[in-house]
Structures are given as structure tokens and as C-alpha cells.
Amino acid sequence: MKVEVGDEIPELVKHPTTRQLVQYAGAQGDFYEIHYDQPYAKSVGLPGVILHGLLKAGFVGQLVTDWLGDNGALKTFEVSYRGVDMPGHPYRCRGRVTRVDGKEVELEVWGEDEGGKRTTVGTATVLMRP
Amino acid sequence: MITTAEAIDRIKTRIGVEGPAVTALVEAGHLRRFAEAIGDPNPRWEREAPPTFLVALAPVSLHLSDAEEYGQGWLNGGNRFEYFAPAMVGDQITAKVRVVDVYDKAGSTGNLLFIIFETDYTNQRGEKVARLRGTAIRR
């Protein structure tokens with residue numbers, strides 16, 4: 001696979017639902033109530049139940065592994081959460097190549113809400129197969 | 001309710017102290033449920049853990065009651081994974097978590113308490129699988 005700085009990787013759009021948050025809570029074993037209990041979420045000052053940060057990381061991870069396929073291995077994957085996201089709104093994951101150094105490739109990756117705000121920002125480094 | 005300075009002082013005494021090791025088997029059914037929860041249909045995850053799966057094997061932070069006396073809730077600030085070897089179905093993964101740092105930052109609604117946790121994952125052959133660095137925020 002030929003990779004160049006500036007390449008955009010194919011975007012991935014997710015449509016998270018409250019049901020998915022419950023599914024994710026079970027799969028990860030994170031039963032913090034802010035992800036499925038509306039009254040509880042509001043009682044701690046949130047607008048309602050919010051996506052798990054790690055669910056958004058999972059979306060962005062899929063963005064990277066869908067693009068990479070069998071062409072290399074993920075070496076590092078880092079995300080920061082910059083805002084809360086609620087179910088019922090599309091979540092768009094995007095990325096682009098920021099550095100190519102021999103077989104090592106660095107990507108800037110992010111997830112944005114429907115207003116285009118990047119609520120998850122991160123970096124992935126991959127080692128491409130020869 | 002305690003002050004940020006009190007919370008920081010108390011949690012600082014925990015820096016470097018490891019929680020109990022947790023060992024868990026990477027099960028095919030668990031991988032499938034995790035991939036389904038993310039909505040990732042890649043058949044690769046029938047035998048291999050997707051990038052964020054390790055967080056499902058063991059708690060990613062220590063339960064710090066000192067931290068919970070501060071603020072009203074937790075937020076996840078970020079996660080950094082460093083990968084050394086893939087985790088495959090049948091692997092026995094051991095996770096060890098520790099506090100590596102604690103500090104505060106001014107937020108829009110008051111001080112935020114940041115606690116940095118690091119988890120090392122090794123497999124049944126003693127090989128390093130991954131290291132996770134996570135930022136837990138108390139708000």
C-alpha cells in the first residue's frame with residue numbers, strides 16, 4: 001500500500017444509540033450510570049447520557065484498522081476526549097497521514113460531532129509491512 | 001467533600017503502588033460481543049483483540065475513594081495504547097495497574113482533578129502485550 005503525507009483515510013460514520021451504550025457497557029464492563037441512566041446523568045450536570053470515551057476510541061480504532069487491513073500493524077493509538085457526545089447523533093471518524101518515515105507511518109485521527117466539532121482527537125502510529 | 005489540594009496529597013501517596021494483578025482469558029464470545037458493541041464487523045476480531053479490547057479484561061483504574069470524595073463525577077480524559085504483541089483468543093492476559101501522576105487544572109466549572117493510570121498487560125508466556133496510559137478526571 002502506497003502512503004503519502006496528506007493522504008486522507010476513508011471516513012467512518014457511526015450512529016450510536018442508547019441501546020449501543022448499554023451493549024458497550026456490558027462488553028467493556030463499565031457500568032458507570034452516566035452512560036445509560038438519564039436521571040443520574042442529569043443529576044451530575046450532564047445534558048443526558050453520554051457516549052463512553054472508550055466507545056469513541058473504539059470507533060476511531062476501527063477507522064484505523066479498516067484503512068490498514070493486513071498492510072501493517074498498529075504500534076500506538078492515543079486519543080483525548082474534548083467534549084461529550086450523546087446518542088441519537090451521527091459520529092464521524094476521520095484521519096490523515098501526517099508523517100511517513102520508512103515503514104513507520106503516523107496518522108492524525110479524530111471523531112467529530114454533527115456540528116464538525118472534534119470531540120475526540122488522537123494519533124496512531126503503524127508499522128507498514130514491506 | 002475535600003479540597004483539590006487534600007485530594008492530590010492523598011493520591012500522591014499512592015503513586016507507584018500497584019493494584020492487585022488481574023488475569024483474564026481472551027474469549028471468542030467476549031471478543032464478538034465487544035466488536036458488536038462497537039459495531040465493527042471485521043472478521044479479524046473473531047480471533048484477535050481489536051485495538052481497545054484490553055480495557056474490557058480488567059478495570060483500567062484503581063478504585064480511589066480519596067478521589068471520589070472530590071467533585072461529583074468521573075470523566076475519561078484520554079487513553080494511550082502502546083502495542084507490543086497481539087492478544088489472541090485463548091491468551092491469558094495479566095493486567096497490573098498503578099497511579100503514575102495526579103494534578104489539578106482549572107476548568108470552566110471549577111478545578112478538575114487529573115489522575116493518570118498506567119496498566120501493563122502481559123500474556124501467559126510472560127511477553128509484554130500492551131501498555132495503556134489513561135487520564136481519569138474528577139469533576
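**Entry 1: the nonpolar core**

I looked up the largest nonpolar core of this predicted model, and I found that it has 68 residues. Such a core is a set of buried Ala, Val, Leu, Ile, Met, Phe, Trp, Tyr and Cys residues joined through C-beta atoms within 7 Å. I noted that a residue is buried if 20 or more other C-beta atoms lie within 10 Å of its own, exposed if 12 or fewer, and partly exposed in between, with C-beta atoms placed from the backbone. The residues with the most contacts inside the core are Leu63(A), Val64(A), Leu54(B) and Ile115(B). Helix α3(A) gives the most to this core, with nine residues.

Neighbours within four places in sequence set aside, Leu63(A) touches Ile9(A), Leu12(A), Cys93(A), Gly95(A) and Val109(A).

For my records, residues are numbered from 1 along each chain as its sequence is written, and chains are lettered from A and ligands numbered from 1 in the order in which they are written. In this predicted model, local features need pLDDT of at least 70 and side-chain atom pairs count only at pLDDT 80 or more, while totals for chains, interfaces and linings use all residues.

**Entry 2: chain A as a whole**

I counted three helices and five strands in chain A. Both kinds of element are DSSP runs numbered from the N terminus: helices are H or I with at least four residues, strands are E with at least two. From the N terminus on, the order is β-α-α-α-β-β-β-β. The C-alpha atoms of chain A fill a box of roughly 50 × 30 × 20 Å along the principal axes. Of the 130 residues in chain A, 35% are buried. I also noted that, among contacts in chain A between residues at least 6 apart in sequence, 63% join residues at least 24 apart.

**Entry 3: the sheet**

I traced an open sheet of 10 strands with antiparallel pairing, in the order β1(A)-β3(A)-β4(A)-β5(A)-β2(A)-β2(B)-β5(B)-β4(B)-β3(B)-β1(B). Two strands pair if DSSP finds at least two bridges between them. β1 (8-14) of chain A and β1 (22-25) of chain B stand at the edges, each with a single partner strand, so one side of each is left without a neighbour in the sheet. The twist averages 20 degrees from one strand to the next.

Where do the two chains join in the sheet? I found five bridges between β2(A) and β2(B), which run antiparallel. Phe77(A) stands opposite Phe81(B) there.

Within chain B, nine bridges join β2 (residues 74-83) to β5 (residues 128-138) in the antiparallel sense, and Asn79(B) has Gly134(B) as its bridge partner. β4(B) (residues 110-122) pairs with β5(B) over 10 bridges, also antiparallel. These two strands form a hairpin with five residues between them, and Gly126(B) in the turn has a positive phi of about 80 degrees.

**Entry 4: helices beside the sheet and the other chain**

I looked at helix α3 (residues 53-68) of chain A, which lies across β1, β2, β3, β4 and β5 of chain A together with β2 of chain B. The helix runs at about 150 degrees to β2(A); axes are lines fitted to C-alpha atoms, for helices over the stretch in contact, and angles run from 0 to 180 degrees between N-to-C directions.

Next I examined the contact between chains: 28 residues of chain A are in contact with 24 residues of chain B. α3(A) gives the most to the side of chain A that touches chain B, with nine residues.

In α1(A), I found Leu21(A), Tyr24(A), Ala27(A) and Gln28(A) buried. Seen down the axis, the buried residues of α1(A) fall within an arc of 125 degrees, so they line one face of the helix; the arc is that of the directions from the helix axis to the C-beta atoms. They pack against α3 of chain A together with α2 (28-38) of chain B. After α1(A) comes Gly29(A), whose phi is positive, near 85 degrees.

**Entry 5: Val79(A)**

Why does Val79(A) count as buried? I found that Val79(A) is buried because there are 28 C-beta neighbours inside 10 Å. Val79(A) sits in strand β2 of chain A. Beyond four places in sequence, its contacts are Ala57(A), Val60(A), Thr120(A), Val121(A), Gly122(A), Gly78(B) and Asn79(B). Val79(A) and Gly61(A), 18 residues apart in sequence, are 9.6 Å apart in space, C-alpha to C-alpha.

Conventions. Contact = placed C-beta atoms within 7 Å.
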